[in-house]
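User: I'd like to go through this model with you and ask how some of its labels were reached. Could you show it to me?

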Amino acid sequence: MEAPWWKSAVFYEIYMPSFCDGNGDGIGDFAGIVSKLDELRELGVDGLWLTPFYLSPKVDNGYDIADYTAIDPDYGTMEDFEAFIREAHARGMKVIVDLVLNHTSAEHPWFRESRSSRTNPKRDWYIWKDPVNGGPPNNWESFFGGPAWEFDEATGQYYYHAFAKEQVDLNWTHPHVRTAMKEVMGFWLDKGIDGFRLDVINFLKVSGAFPDNPYDAATGEQQHAHDKDQVGVLDAIAEICAYVHEREGAFMVGEVGSEDMDVLRRYSGTGLLDVVFNFNLGSQETFSLDRLDTELRKMEEVHASDQVPTLFFSSHDMPRHISRFGECNPELEEKRAKLIAALMLTAKGVPFLYYGDEIGMRDFVAETIEDMRDVQGLTAYRLALANGQSSEEALRAANAKCRDKSRTPMQWTDDTYGGFSAVEPWIGMGPQHRVLNVRAEKQRPGSIYAFYRELIALRRRHPALHAGDYARLERREDTLLYVKRAAGEEALVAINFGAKPLALPSGGLLAGKPRFALSNCRESAGNIASFILRPYEAAVWVSEINQ
Ligand code: ISL
Ligand code: CA
C-alpha cells in the first residue's frame, strides 16, 4: 500500500493575519498568500496549515468562530478562498485548515439562541450550570487566566469557557453538536481541502461531575485534572475521524497539549487522528540537549507502529525558538536555529515549520500595553492590575504570557513594513526587519533560509529521510546521531549542538558506501571513516543498501 501523502510532507504554518496583505489594509489575506505561493514552492514546503479564517469577531484572532462556513471579510471572499486552494494545488501543495470544534464565538447564532432562554432547543449545545452558594459551579480556571465560568444575567446560570469568555465551550455529549460539526467538516472537504488541524481537541469533554480542580503544591497553579483528556473524548474524536476518513487522503492533526506521553499517545493511530502535536519536544523555555535527547527517545519508545510523531519548535502560541533558545549572541543563535532545522527535517516524524523561522525572525516584545494584541497577554495585564500590581509590573506579567511575540508580519523585504503591507500592519513589526528579510536571506550565502531550502530538497530526495525508521538513535557528547533506513537506503545524521568537535568512529555507522550529502559548515567531505564533526555542525550521509 502506498504511504499517505502527509507522511512525507513538510508542513508550513501560515498565521493568517500576518503572512501577506494583498489589499492594503494592514491585515494578511488570501490574495496575499496566493501572491507568495511561488516563494513557498521555492522554499520547498508542500503542506500549508492556515490558522482560522472563518467569520469571527477575532477576540482570539479567529479561534472564536461566529460562522463556520463563511470567510471573514478581513481575509477575502469565498471566491478568494477557492482561488487559493486551486493555486496551491496547482503547485503541488496540500492545504489543511485549522478548525475550532471545542468552542464557538459568543456571537455565533447557536450561542445567541442557547443563551436566549433556559428552554431554547440549543440550550444544551453549551455547558450551563446553576450557581453554587451564589458563585460559580466550581473552581475551574480559564487557560487565559481568571474563572472559566461566566454568569449570564438573563437566565441566571453560568456558562463554561476554557479560554476567553467570548469563546464558549460546546457540549460535545449532545448528538446535534456532533452532527452540526461533521457537516462543517464536510463543507470544507467539499471545497477541496486536504485535511484539518484540530484545535484543543482533547478538550471536547469535561468531567460530568464537575469536581474542583486540584492545585500544584509547588507552583500554586491549578492542575487541569477535570477539564481535559476526560473519559469519552476519544469516542467523540473517533466519530469525527470516521467521518473525515471516508474521504480518501483526508488528514487530521490534533492539537493535544499534554506532557504525559501516555496520554498523548491515546489520540492517534488507527481509527483516530493521523498525528498529534507533541509539544514536549520543542516547547522548552531554554535550550537543553538532554531534554531533546530524552524526548526523541520517548517518542520512539511510546509510539506504536501505527503512530507517527510530529516535529516542531515554534508556532503562533509559542515564542520563536531562535529567541527562546537564544544566548544574546546572534551568531550562536543562528547556528542553533540551523541545527534545529536539521533535526526537524531529518528526524523521524512530520515536520511543521512556522512562517518566518526560515529567515530567523525574532520575537517581538510590546513596549506599551497599547502595542499588545493577544487576548492572553491582555488578560494577564488586567488580572495583574486587579491584583494591585503597578502598570510596569502588569506589563511585565502580560509580556510573559503574550503570544504576540511570534505573530508579527512576515518580513519579505527591507521596506518600512517589510513588504508585508504598504500600510501600517495590525500588529507591530518584529525586530531587525530591515536586515532580516526573505529578499536579503536569499542572497546571503550560508543563510538560515538557504539551509532550510537545502534540507527540504534533500529530505524530499531520500526516502530514508522522509520515510525512514531509526536503525540507531544515540547521543555522543553534544551530538545527536541517528541512522534512518527506508527503501534501499540509509541516512546518517549527526548534529553537534556543542562547541567541541567530535570525531566520528571509523566505519560501522552506515552499511554500503556512504555519500556525503549535506552540512552547514562545509561544501564537501572526504571519507566518513575519518570525519571530524565541527562545532555546531549538522551533517548528513546517505548510502545505498541491499534489501
Ligand atoms: O493547554 C494549554 C496550556 O496548558 C494551552 O497551551 C492550550 O493548549 C493552547 O493555548 C491551545 O491553543 C489553541 O487554542 C486556543 C487558541 O488561543 C490558540 O491560539 C490555539 O492554538 C483557543 O482556541
Ligand atoms: Ca488585507
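Analyst: Happy to, and let's begin in a loop: lysine 58 has its place between strand 3 (54-55) and strand 4 (67-71). Please keep in mind that this is a predicted model.

User: Why does asparagine 61 count as buried?

Analyst: Its relative accessibility is 13%, and buried means under 20%. Asparagine 61 is therefore buried.

User: Is aspartate 21 buried or exposed, and how do you know?

Analyst: Aspartate 21 has a relative accessible area of 9%. The cut-off for buried is under 20%, so aspartate 21 is buried.

User: Which residues coordinate the calcium ion (ligand 2), and what makes them donors?

Analyst: They are Asp21 (OD), Asn23 (OD1), Asp25 (OD), Ile27 (O) and Asp29 (OD), at 2.2 to 2.3 Å. For Ca, an N, O or S atom within 3.2 Å of the metal is a donor, so these atoms qualify. Along the chain, the donors follow the spacing D-x1-N-x1-D-x1-I-x1-D.

User: Which residues meet where helix 11 packs on helix 15?

Analyst: Among those in helix 11 are Ala337, Ala341 and Leu345, while helix 15 brings residues including Phe451, Tyr452 and Leu455. By class, this contact of helix 11 with helix 15 has ten nonpolar, one polar and three charged residues.

User: How do helix 5 and helix 6 pack?

Analyst: Helix 5 (residues 175-190) and helix 6 (residues 233-244) pack at an angle of about 35°, with axes 10 Å apart. The crossing of helix 5 and helix 6 is right-handed. Arg178, Lys182, Met185, Gly186 and Leu189 in helix 5 meet residues of helix 6, including Asp235, Glu239 and Tyr243. The contact of helix 5 with helix 6 divides into six nonpolar, one polar and four charged residues.

Key
Residues numbered from 1 in each chain as written. Chains lettered and ligands numbered in written order. Predicted model: local features only at pLDDT ≥ 70, side-chain atom pairs only at ≥ 80, totals over all residues. Heavy atoms only, no water. Donors = N, O, S within 2.8 Å, 3.2 Å for Na, K, Ca; no water. Buried < 20%, exposed > 50% of the residue type's maximum accessible area, 1.4 Å probe, protein only. Contact = heavy atoms within 4.5 Å. Helix = DSSP H or I, 4+ residues; strand = E, 2+ residues; numbered from the N terminus. Nonpolar A, V, L, I, M, F, W, Y, C, P; charged D, E, K, R; others polar. Axes fitted to C-alpha atoms, helices over the stretch in contact; angles between N-to-C directions. Left-handed = near helix turned anticlockwise from the far one by under 90°.
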